[in-house]
Amino acid sequence: MKKMSIVIPSLVAVFIALASIAGAHEPIKVSGYLVDKMCAGHHVKDKAADATKFASEHTKECGLMDDCVKSGYGVFSEGKWYEFDDKGSKLAVAIFNKTKNKDQIKVTVEGQLHDGKILVEKLTAE
Ligand SMILES: [Cu+2]
């Protein structure tokens, strides 16, 4: 019984350490092209140059189609895909609606990176 009282607290400590690694939030600020998740899904494995070309040519019209809006949004920054959380997706729709660009919809996003997803705090059109 004495051993258990040592083992259990140390196991708890290990779990807490693992949980904090998995739940890590890392501040992030990146610039790139805004794209909906549905369209981006076909290009996340592209080479950086190809993904950037696709993202820059992805149109406002496409980004505002029903299925695209429903899928949510993210950004291709230097060919790397970052998905947004719900708040980020809402801000992204507003930028798509407002932009006068047909394509080349560039933004800067600031927030916390969590499990490959950006918890968006600020989204600015460039
Ligand atoms: Cu699209």
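**View 1. Helix α6 against the strands.** Helix α6 (residues 86–98) lies across β1, β2, β3 (80–84), β4 and β5 (117–125), and runs at about 25 degrees to β5. Helices (H or I, at least four residues) and strands (E, at least two) are DSSP runs numbered from the N terminus, and angles, from 0 to 180 degrees, are taken between N-to-C directions of lines fitted to C-alpha atoms, for helices over the stretch in contact. The model is predicted, so that local features need pLDDT of at least 70 and side-chain atom pairs count only at pLDDT 80 or more, whereas totals for chains, interfaces and linings use all residues. Residues are numbered from 1 along each chain as its sequence is written.

**View 2. The barrel and the β1–β4 pairing.** Five strands form a closed barrel in the order β1-β2-β3-β5-β4, with mixed pairing. Strand β1 (residues 26–36) pairs with strand β4 (residues 106–114) in the antiparallel sense over eight bridges, where pairing requires that DSSP finds at least two bridges between two strands. Isoleucine 28 has glycine 111 in β4 as its bridge partner.

**View 3. The nonpolar core.** The largest nonpolar core has 22 residues, and Leu34, Phe76, Ala92 and Ile95 have the most contacts inside it. Such a core is a set of buried Ala, Val, Leu, Ile, Met, Phe, Trp, Tyr and Cys residues joined through C-beta atoms within 7 Å, a residue being buried if 20 or more other C-beta atoms, placed from the backbone, lie within 10 Å of its own. Helix α6 gives the most to this core, with four residues.

Conventions:
Contact = placed C-beta atoms within 7 Å. Buried ≥ 20, exposed ≤ 12 C-beta atoms within 10 Å, placed from the backbone.
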